[in-house]
2 protein chains.
Amino acid sequence: MANEKKLVEAITSMEEDFAQWYTDVVKKAELIDYSSVKGCMVIKPAGYAIWENIQKELDTRFKATGVENVYMPMFIPESLLQVEKDHVEGFAPEVAWVTHGGLEPLQERMCVRPTSETLFCDFYAKDIQSHRDLPRLYNQWCSVVRWEKTTRPFLRSREFLWQEGHTAHATEEESEERTIQMLNLYADFCESVLAMPVIKGKKTDKEKFAGAESTYTIEALMHDGKALQSGTSHNFGDGFAKAFGIQYTDKENKLQYVHQTSWGMTTRLIGAIIMVHGDNSGLVLPPRIAPTQIMIIPIQQKKEGVLEKSAALKEQLLKAGFRVKVDDTDKSPGWKFSEAEMRGIPLRIEIGPKDLEAKQCVIVRRDTREKVIVSLDELETKVAEALETMQGDMLERARAHRDAHTYEATEYEEFNKLLDTKPGFVKAMWCGDEACELKIKDDTTATSRCMPFNQEKLSEKCICCGKEAKKLVYWGKAY
Amino acid sequence: MANEKKLVEAITSMEEDFAQWYTDVVKKAELIDYSSVKGCMVIKPAGYAIWENIQKELDTRFKATGVENVYMPMFIPESLLQVEKDHVEGFAPEVAWVTHGGLEPLQERMCVRPTSETLFCDFYAKDIQSHRDLPRLYNQWCSVVRWEKTTRPFLRSREFLWQEGHTAHATEEESEERTIQMLNLYADFCESVLAMPVIKGKKTDKEKFAGAESTYTIEALMHDGKALQSGTSHNFGDGFAKAFGIQYTDKENKLQYVHQTSWGMTTRLIGAIIMVHGDNSGLVLPPRIAPTQIMIIPIQQKKEGVLEKSAALKEQLLKAGFRVKVDDTDKSPGWKFSEAEMRGIPLRIEIGPKDLEAKQCVIVRRDTREKVIVSLDELETKVAEALETMQGDMLERARAHRDAHTYEATEYEEFNKLLDTKPGFVKAMWCGDEACELKIKDDTTATSRCMPFNQEKLSEKCICCGKEAKKLVYWGKAY
């Protein structure tokens, strides 16, 4: 118990300092370590295994919609980055430049990809000739680099892992349809796998991706009331196609420009999982994404039969399709409980000599800490039920928290006060003018998170300037 | 048929120009495309899907031995690269240097990882404290960069994809055991999945990895008689541990240095598959690695029921666990045959109106082009048999080719003549002196491929200098 205390004391409480709590969880749950490379992190096995599960789930969903994986070079020659004007303005200030190859200076410097639109466009310009070549539905899993000044594990680092989908279509309707399809896929993944509800909507022109015609986003609310952009999907129209000359001959043998999209999700999602579900004992992983769903912890493990039974239960549950481990180290049970909690393992099973006798075990949920005695005959069913219920409860809890921290304002003073005192989303009307977005950011540090698909009319007037309102906007302070 | 001819004519024959044949297959089978980034390639869906299957197979095998995946930064600060003397000498001349981040010059330049020993060592130095922390069995899947002067798709490119395992152990015995374990895993993977026999052995000091105590290798023989190093496994002893200060306290509470290994396989394997199995109609993929194992090609597809039956057979075979597609495009059957052959798809199934009537179809193996009429009642069994037999036959054929092109020499003149006129491996004795390796390379352009585990004594004397022989060596010209 002394040990247990020590482990829990090792993390700052959320209420005391949320940022420090986050950093503590990331370290103590052994998700990452800092590296000697400034602004970059080492993703440790417990963190990488979450990413592998995210990849598996997303990749299967992508492929079900016809997407194929490819791999583009990691370097972009400077002249290629400069082809599309808005795009280079958006990214050039934050890229890493390679200037020498081996012992020789390069004739033209190259950046490490911050995103690969330019590479895909360069490829599509040669690759696409006819309407028969369309659509092209490509995706790649890779790492990208953006030279951030201040960094935080998973949320903002100079190098991060992601997937970037890049598609090309014959018409604007098709590219718009694919953009929305992928946003919906992302939202569904977040809700059903990560137990994380999101607001789907469109970014304002000020917040959209460099070079996009429209950017759609899913916005999640973290435990501290800050917003996190959790996935974006962009419709480029034919802007990139015109800059790069990506044309196809249509059925009437006429040359047409393609219409393109791109869409991405990143290791940032791991940060979202931590900040949506975590508590003062550490990480809490939704069962569907947890690399280990069940930790079996033997009690009085030196007593006859305890370790054997633990191993047998593990095999039984593995066979039934659960991801399960036994902690048979020589630490105390209390220490093992704390460790499994810190790592966010959804269920723990306790089994000791008395349980053996009674042919039962104890199941404890990570989120509620509810203890249930379960007959070993019913173990598989009860474990499946517990995991399923926990997954659903986590989503409901996150939704309730999000809803309880979503406010409405129709007057600027009230709007300011809410943003100042009530962490969360504030819904308010907007005239569509960038000047109002800038003023709001100056006054409150909040930004427009999105114009939700689910539009309401709270008032006739813009919250900021009082002119005619055009859109309902979710506002919030963001990571 | 005119079309069919055109597709086949599009590739140079192996006998005429093997290098051009290789390039043609790589392009026409749509595995890669060249990119605007010199020396880097675009891996297209057909190529990347092979890599995904290689990843899946290897990753499962790694994990079964206790290996966990992690992710290290892609940059190495110059001072970190320089910590181990041999290592920096080996790699510094061929790395890409990042000198600017955003608009500012970096205080210290960094290279893009050519391999990650230094990053893992830097991490292990903080991460490992006690004997309880050992072994550490980490692996990462990523891309690396080596600034090659001349490049060829898959075989040698400035950026390539790979996995690099990096382990740390308490003792030299354990690190040696892991080094050999991974080499055996690689060899078994090549034989049983890629149908590619390999020679397992140790590299000479001249050929070993920069910083390693010993390097083990698997060497495969390509169709043109050239050798291809297909995977390597290195034992570092405590060399890196001493340079980086990676120490642990043992059970007696004494500080000890760890012993390390690293081991890697790359997208080069795709090049090996092409050059071991390909023919003058294109790629030939071993069934176990083929992204599409079966292509169903409808004959007279406008006739009633043909397309429906093709789709039904596809569903039936998918359900039975095969990877299968239907080519229902409006191309001619002959063109479709050629395309499926160019892409190396192991089996094609032809089904037309007459087959429908007779409740049968035609199965054609890619390697032998043998046509078999199969009753639809037995389809699944026959398909499984054909794929299984083909996998075995491909390995046997490759082994027979390798054996038929492996020679022995005991006199230097004979040795020179063999290397000059008979493409393949030449087995010959060696005194252990680097001077002889250098002379042989000067005289023949061949290098020592490995000292095979399977040692024989062909003579008492070194093939080159005539002094006492210490080892049997496989010599050959290599990619």
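Student: Where is B:Asn253 placed in chain B?

Tutor: B:Asn253 is in the loop between strand S12 (247–249) and strand S13 (255–257) of chain B. Helices (H or I, at least four residues) and strands (E, at least two) are DSSP runs, numbered from the N terminus. The model is a predicted one, in which local features need pLDDT of at least 70, side-chain atom pairs count only at pLDDT 80 or more, and totals for chains, interfaces and linings use all residues. Residues are numbered from 1 along each chain as its sequence is written, chains are lettered from A and ligands numbered from 1 in the order in which they are written, and side-chain values use heavy atoms, with hydrogens and water left out.

Student: Why does B:Asn253 count as exposed?

Tutor: Buried means under 20% relative accessible area, exposed over 50%, and partly exposed in between (1.4 Å probe, protein chains only). The relative accessibility of B:Asn253 is 63%, and therefore B:Asn253 counts as exposed.

Student: What is the phi of B:Asn253?

Tutor: Its phi is positive, about 65°, although B:Asn253 is not a glycine. Most residues other than glycine have a negative phi.

Student: Is A:Ala195 buried or exposed?

Tutor: A:Ala195 has 0% relative accessibility, so it counts as buried. The residue is found in the loop between helix H7 (172–192) and strand S9 (199–202) of chain A. A:Ala195 also has a positive phi, near 55°, and is a residue other than glycine.

Student: Which peptide bond in chain A is cis, with omega near -5°?

Tutor: That is the bond from A:Leu134 to A:Pro135. A:Pro135 belongs to the loop between helix H6 (117–127) and strand S7 (136–145) of chain A. In chain B, the bond from B:Leu134 to B:Pro135 is cis, with omega near -5°. Most peptide bonds are trans.

Student: How do you know that the copies meet through the same surface?

Tutor: Of the interface residues of chain B, 100% are also interface residues in chain A, so the copies meet through the same surface. Contact means heavy atoms within 4.5 Å.
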